[in-house]
Amino acid sequence: MPVRTMRREMSPSLVIETEALSKVFGQQWALDGVNLKVAPGAIGLLGPNGAGKSTFMKCLLQLQPITSGSAKLLGREVGREGREIRKRVGYTPEQDCHIPGMVGCEYVTYCAQLCGLPFDAARQRAHEMLDFVGMGQERYRKVDTYSTGMKQRLKLAQAIVHDPEIVFLDEPTNGLDPKGQAQILELVHSLWKTYGITVVLSSHLLHDVDRICEQIIIIARGRVLVHDTLENLKSRKRGSAEVVVADRHHDLQAACARQQWPCELLPNGHVKVEHKCESLNPLLNLLHELKLAPLEIIPSPNALEETFVQALELSHAAT
Amino acid sequence: MPLHDISYKHWDGVHLGLWGRRLVIARNGLTACLRNKWLRHVVVLCWGTALIMTAFLFIVGQLLVADSIVVQWIGNFNPGLQSFARFLTTWLEQHPEISVRTTQNVLFYFFCTYLLRASIFVLGMAIPILITRDLASNAIIIYSSKAVSRGDYLLGKFSTAFGLMALTWLGPVCAAWFLGNLLTPDWRFFWHARTALWHVLVFGLSSMTLLSLIALGVSALAIKEKTTTAIWYIWWIVGGVVAPIAIHTQPWLQHLSFNYNLNQIALAVFHPGDDLTAAQDSIPVLGDMLRNIRPQTMTALNTPTFWGAVFWSLLMVGLAALIIRKRVKPE
């Protein structure tokens with residue numbers, strides 16, 4: 001049986017379960033009654049900066065005490081079985097957090113030992129994981145001298161060195177150039193796709209999440225705005241488009257009115273048409289009938305983009 | 001292209017137990033401490049001192065036994081000294097438990113308090129490695145995300161400090177006791193010297209616990225290595241200077257020095273004053289010499305402020321615990 005399939009069969013049906021999970025910092029609600037039931041997979045935790053993504057992860061890992069509510073990780077109660085949970089969980093924090101004075105492979109070996117691997121196994125796993133994340137001879141250099149890219153790779157290596165069932169990655173592409181970002185995302189993608197390790201990727205970049213995740217959780221101001229599969233979110237379109245025409249704006253508006261499609265002329269000169277159809281074909285047919293050649297048709301954003309924009313707006317409104 | 005398989009591999013071996021993981025933290029801390037060249041030098045110096053102590057005990061042992069090589073050798077140079085040595089031999093034969101016990105108890109009291117200073121010095125070098133660096137580099141988050149709790153982390157760090165003190169203090173003292181008695185001509189010395197060892201263990205283990213906890217507190221005070229190191233050494237030195245002055249002004253101020261408190265505990269555990277008095281009574285020659293000791297010194301030796309020292313030491317430990325509780329957390 002392939003390893004990936006085996007891992008998936010062994011995983012509990014729900015990896016994360018939370019009920020009215022709340023976290024308060026002073027007067028600020030970082031998490032406000034989060035209710036989630038998350039199945040294994042590649043999960044994207046999306047939201048603007050300060051939305052509560054990192055706090056959510058930290059509460060699950062017990063790095064932050066929960067103010068109220070309850071949470072289960074891998075079927076175990078968070079707060080009661082901390083060590084046992086963390087033995088099966090990997091975590092890459094957003095900020096640098098190496099142990100000074102250690103060389104790369106020594107650091108990863110030490111992290112493996114902290115998770116309970118005996119020294120020989122830990123050392124071997126450390127080298128395997130450093131190979132996996134693409135670190136070469138620099139593993140024998142002191143961590144303090146690493147570049148941002150190397151530190152991100154090292155953080156990933158220490159998070160998976162003990163072969164966890166679920167890995168939490170907090171902004172793993174921060175500070176990386178596009179090539180570095182692509183490489184890290186590729187590695188993260190393979191963790192679930194090929195090796196069956198559930199990945200929770202927290203990011204404020206829609207592109208990162210869109211690229212590798214199957215499930216999306218969008219958080220804003222400590223609340224879950226949406227939790228669905230990427231496929232569902234992308235297919236949920238509201239059926240609108242912006243048509244860019246050089247002239248005859250009024251002809252287009254009149255034709256739309258005849259079809260009973262609400263439309264409006266935007267300040268930028270585009271005509272926004274609510275055609276209410278899944279595809280753009282009816283709109284294209286109408287334009288063809290009018291013998292109107294559009295300069296551009298901008299399809300409506302899908303639900304993922306829309307909810308993300310909504311999250312951003314909520315966040316901006318709060319500030 | 002890599003020559004070997006670089007894909008991800010799963011692992012399903014047997015995990016280390018909780019104590020194994022705590023030991024990993026302690027061992028890592030000790031290894032990091034011993035990377036410091038100067039610290040290694042002090043460790044060597046401590047063990048070198050233990051060897052000197054062993055040699056001294058060997059000579060003392062020879063003096064206490066009839067017709068030993070040393071006594072004969074002394075006789076070649078100074079017949080008077082040989083007579084004194086023969087007197088000591090008689091003393092040993094008459095009161096073996098007093099002669100060996102008293103001698104070794106006093107010697108180990110001085111040796112313990114001497115090596116305690118070396119140990120405090122070494123602990124100062126290790127202060128940044130205990131908690132300060134982890135606070136500065138956010139490594140606390142890494143520890144907290146692994147299969148260890150905050151308690152396990154602190155226990156590991158405590159063991160690092162404790163281990164370091166065992167290496168520079170209790171280890172050399174116990175080794176000196178063992179080797180010193182092993183080299184005596186009469187193996188009954190082991191039995192008669194048991195009180196000295198007992199005192200060493202009681203004082204050593206309790207003081208190491210207190211000092212390790214206080215050191216953890218100091219280490220958690222700041223995130224700058226120089227700051228925590230400076231706090232430790234300044235506290236130690238200033239305390240050492242203030243304690244003798246405070247005795248004439250505000251005696252309670254003496255207890256602000258952790259070193260003074262430990263010395264008082266040492267006096268209460270070893271009772272060197274009693275041994276000196278016993279020696280005065282049973283050896284007339286020695287009695288004349290010891291009568292030169294100032295009365296204040298004898299009073300200080302005989303009346304240590306044990307409970308005051310314990311109270312203030314526990315207060316310092318409590319303060320350290322508060323600092324650790326407030327400072328050592330993931331965020």
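Two strands are taken as paired here if DSSP finds at least two bridges between them. Helices (H or I, at least four residues) and strands (E, at least two) are DSSP runs, numbered from the N terminus.

A word on conventions before the points. This is a predicted model, in which local features need pLDDT of at least 70 and side-chain atom pairs count only at pLDDT 80 or more, while totals for chains, interfaces and linings use all residues. Residues are numbered from 1 along each chain as its sequence is written, and chains are lettered from A and ligands numbered from 1 in the order in which they are written.

1. **Chain A overall.** The secondary structure of chain A comes to twelve helices and 14 strands, and its C-alpha trace spans about 75 × 45 × 45 Å along the principal axes. Of its 319 residues, 44% count as buried; a residue is buried if 20 or more other C-beta atoms lie within 10 Å of its own, exposed if 12 or fewer, and partly exposed in between, with C-beta atoms placed from the backbone. Contacts (C-beta atoms, placed from the backbone, within 7 Å) are worth a glance too: among those in chain A between residues at least 6 apart in sequence, 68% join residues at least 24 apart.

2. **Strand β1 and its partners.** Please look at β1 (residues 16-25) of chain A, which runs antiparallel to β4 (residues 68-73) of chain A and is joined to it by five bridges. In that pairing A:E19 stands opposite A:S70. Seven bridges join β1(A) to β2 (residues 28-38) of chain A, again antiparallel, and here A:F25 stands opposite A:Q28. The hairpin of β1(A) and β2(A) has two residues between the strands, and A:G26 takes a positive phi near 65°.

3. Strands of a sheet pair through backbone hydrogen bonds, either parallel or antiparallel. In chain A, an open antiparallel sheet has the order β12-β13-β11-β14. Because β12 (263-265) and β14 (296-299) of chain A stand at the edges with a single partner strand each, one side of each is left without a neighbour in the sheet. Neighbouring strands of this sheet are turned by 20° against each other on average, direction ignored; the axes behind such angles are lines fitted to C-alpha atoms, for helices over the stretch in contact, and angles run from 0 to 180 degrees between N-to-C directions.

4. **Inside that sheet, strand β11.** β11 (residues 241-244) of chain A pairs with β13 (residues 271-273) of chain A over three bridges, and with β14(A) over four. On the β13(A) side, A:V243 stands opposite A:V271 and A:E242 has A:K272 as its bridge partner. On the β14(A) side, A:V244 stands opposite A:E296.

5. **Helix α7.** With 16 residues, α7 (residues 178-193) of chain A reaches 22 Å from its first C-alpha to its last, close to the 22 Å expected at 1.5 Å a residue; the expected span is 1.5 Å times one less than the number of residues. Its buried residues are A:Q181, A:I184, A:L185, A:V188, A:L191 and A:W192. Seen down the axis of α7(A), they fall within an arc of 105°, so they line one face of the helix; the arc is that of the directions from the helix axis to the C-beta atoms. The face turned away from the buried side carries the exposed residues A:K179 and A:E186. Among the elements covering the buried residues of α7(A) are β3 (42-46), α6 (148-160) and β7 (166-170) of chain A.

6. **Two positive phi values.** Most residues other than glycine have a negative phi, and most peptide bonds are trans. A:Q62, which is not a glycine, has a positive phi of about 65°; A:Q62 sits in the loop between α2 (53-60) and β4 of chain A and is buried, with 23 other C-beta atoms within 10 Å. A:D163 has a positive phi near 55°, lies in the loop between α6 and β7 of chain A, and counts as buried with 21 C-beta neighbours inside 10 Å.

Conventions: Two residues are in contact if their C-beta atoms, placed from the backbone, lie within 7 Å.
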